[in-house]
Amino acid sequence: MTHDLVIRNGTIVDGSGEEPYDGDVAVTDGVITAVGTVPGSGSRDIDATGLLVTPGFVDLHTHYDGQAIWSDRMTPSSAHGVTTAVMGNCGVGFAPCRPADHETLVDVMAGVEDIPGVVMVDGLPWTWETFPEFLDALDARRRDIDVAAFLPHSPLRVYVMGRRGVDREPATAEDLAQMRKLAAEAVEVGALGFASSRLTIHKTESGQPIPSYEAGHDEIEAIALGVKDAGGGLIQFVPDLLAADYEGALQAVFDVAADVGLPVTFTLAIGNAGPALHLDALRMVEKANTDGGQITAQIFPRPIGLVIGLQLSGNPFITYPSYRALEGLPLAERVTQMRKPEVRERILNDSPAGDGHPLMFAVQAWDYIFPLGDPPNYEPDPSDSIAARAAARGVSPAEEAYDRLLDDDGRAMLLVTLANFRDGSLDTVADLIRRDDVVLGLGDGGAHYGMICDASFPTYMLTHWARDRATGRLGVAEVVRELTTVPARVAGLADRGRIAVGYKADLNVIDHDALRLHKPTVAHDLPAGGRRLDQAADGYVATIVSGEIIAERGKPTAARPGKLIRGRQPAPN
């Protein structure tokens, strides 16, 4: 028998969570056709002796809505073994949208996801108005990996309600009926469900709450009913993590899901200190699931945070008038100025003017800010915080931060650990990863281009959690299961995430011993020369999508087999 591709003598980690075993994997016509000892030959053979062979990774939480239109590569995700990316999260996106509302949706996406407006203006052709037309635009383009999409709530609300939707007025009965109809239409043509957000810090670039922020219970229910009308799908939801009634906001969505009969995945963050609200949320999940629900808490496996620096969207002095006077200078000139004693003194003695980006409140949380080196350490010792380093030097934290920003000729980066770093470690995260009602996500690939680069988390899972951590390590089989079978199940994509006959041939061949995550770098490869953070890794010998090799030893090939996934997919017979 001749196969299109045979991966031979690998250590197969099949995604089930069972122990790895040695064997071969054969692929024909984009499907796994044999596993174990494979006789015959392949048009292409890969010798995987001493290497891991895993299913391709599934990323539930990305924002490639724009990048999937203007680019054929979904990096950083595809550079870290991801072969399926789900977008439209947080209820933001670009469809449905009338021409008159283009600027509104650009304003929303620029504010919530830190995508420069000029990038979207230059990169989006807006050849669609309806959500089905947007999916057609995605379908018309080939790319390195598969993508799927949620129907995003904010564009839907604006499309139905116009200015009233932008101003967050209550939806009328007529509005609700139209939303339900359009939600059903979206699922019928391929949406995996719908996504929404009520997070306080999700604001437009002009500083207003996003359209979905105060949407009522009846509106969420109407959209959910539309999803059900068309056969069902997943609700993705970001509750207001900062609200006084956090549990009430969460319960409202759980109630809708129970009434309508849909699964929910929601964003869960672990506070660095204070009351353990995440435990209250998990108790609610347990109760809902005991009562017949299908709820998963979506967590990120390293600190939820920001990367800040002089080249990036934020730094501790970004709102200081004295710094803003230099902000427009090229980096080398800015560094030269900032090294002058009189400029240093002027900036350090200045104070903020205006709030800037909603996340800038954290850029002077000195106990939770750390230098980010190469390789990057995402679980730093508290003794390496800016506050601790300043105390050791006998200077103020602001002085220490200022000096560190000037390292590497101004290319230095600092990590701000906003959440998940409880008591100065990731121990709590380790406990949650093992839970059946928790799924990995929140990598945000395709968004926060100038302050976050978290789409690399699969590599972090395989290095930090499955190899390098001194205590509380996870098994390789367990980690691979959390990156493949679990998110595929939550998304309703049962045709992938496993190495077994009949499953989609999305695969990784990985040198686990050599796997290494690099420090993020700044690239200017977005439309209009826009800036973004990118992050590379060593150790991926091959990444395969539908049986075609899209990257070998970290270098992309010319293959672009990625397609739009239309709707939930059944498991193979």
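## Helix packing and buried positions

H18 is mostly covered, with 10 of its 12 residues buried (under 20% relative accessible area, 1.4 Å probe, protein chains only). The model is predicted: local features need pLDDT of at least 70, side-chain atom pairs count only at pLDDT 80 or more, and totals for chains, interfaces and linings use all residues. Residues are numbered from 1 along each chain as its sequence is written, and side-chain values use heavy atoms, with hydrogens and water left out.

The buried residues of H18 are Phe457, Pro458, Thr459, Tyr460, Met461, Leu462, Thr463, His464, Trp465 and Ala466. H18 covers residues 457-468, and its end C-alpha atoms are only 14 Å apart, short of the 16 Å that a straight helix would reach at 1.5 Å a residue. The expected span is 1.5 Å times one less than the number of residues. Helices are DSSP runs (H or I, at least four residues), numbered from the N terminus.

Two helix pairs are set out below. Axes are lines fitted to C-alpha atoms over the stretch in contact, and angles run from 0 to 180 degrees between N-to-C directions.

| Helix pair | Angle | Axes |
|---|---|---|
| H9 (residues 246-260) and H10 (residues 277-290) | about 25° | 11 Å apart |
| H14 (residues 386-393) and H15 (residues 397-405) | roughly 105° | within 8 Å |

The angle makes H9 roughly parallel to H10 (under 35 degrees). Their crossing is right-handed, meaning that the near helix is turned clockwise from the far one by less than a right angle. Tyr246, Glu247, Leu250, Gln251 and Phe254 of H9 make the contact with Leu277, Asp280, Ala281, Met284, Val285 and Ala288 of H10; contact means heavy atoms within 4.5 Å. These residues divide into 8 nonpolar, 1 polar and 2 charged. Ala, Val, Leu, Ile, Met, Phe, Trp, Tyr, Cys and Pro count as nonpolar, Asp, Glu, Lys and Arg as charged, and the others, Gly among them, as polar.

H14 is roughly perpendicular to H15 (65 to 115 degrees). On H14 the contact is made by Ile386, Ala387, Arg389, Ala390 and Arg393, and on H15 by Pro397, Glu399, Glu400, Ala401, Asp403 and Arg404. Here the division is 5 nonpolar, no polar and 6 charged.

Val335 lies in helix H12 (residues 331-338) and is buried, with a relative accessible area of 3%. Leaving aside neighbours within four places in sequence, Val335 is in contact with Leu310, Leu406, Asp409 and Gly410. The C-alpha atoms of Val335 and Leu406 are separated by 6.5 Å, although the two residues are 71 residues apart along the chain.

Notes
Helix = DSSP H or I, 4+ residues; strand = E, 2+ residues; numbered from the N terminus. Parallel < 35°, antiparallel > 145°, perpendicular 65-115°, else oblique. Buried < 20%, exposed > 50% of the residue type's maximum accessible area, 1.4 Å probe, protein only.
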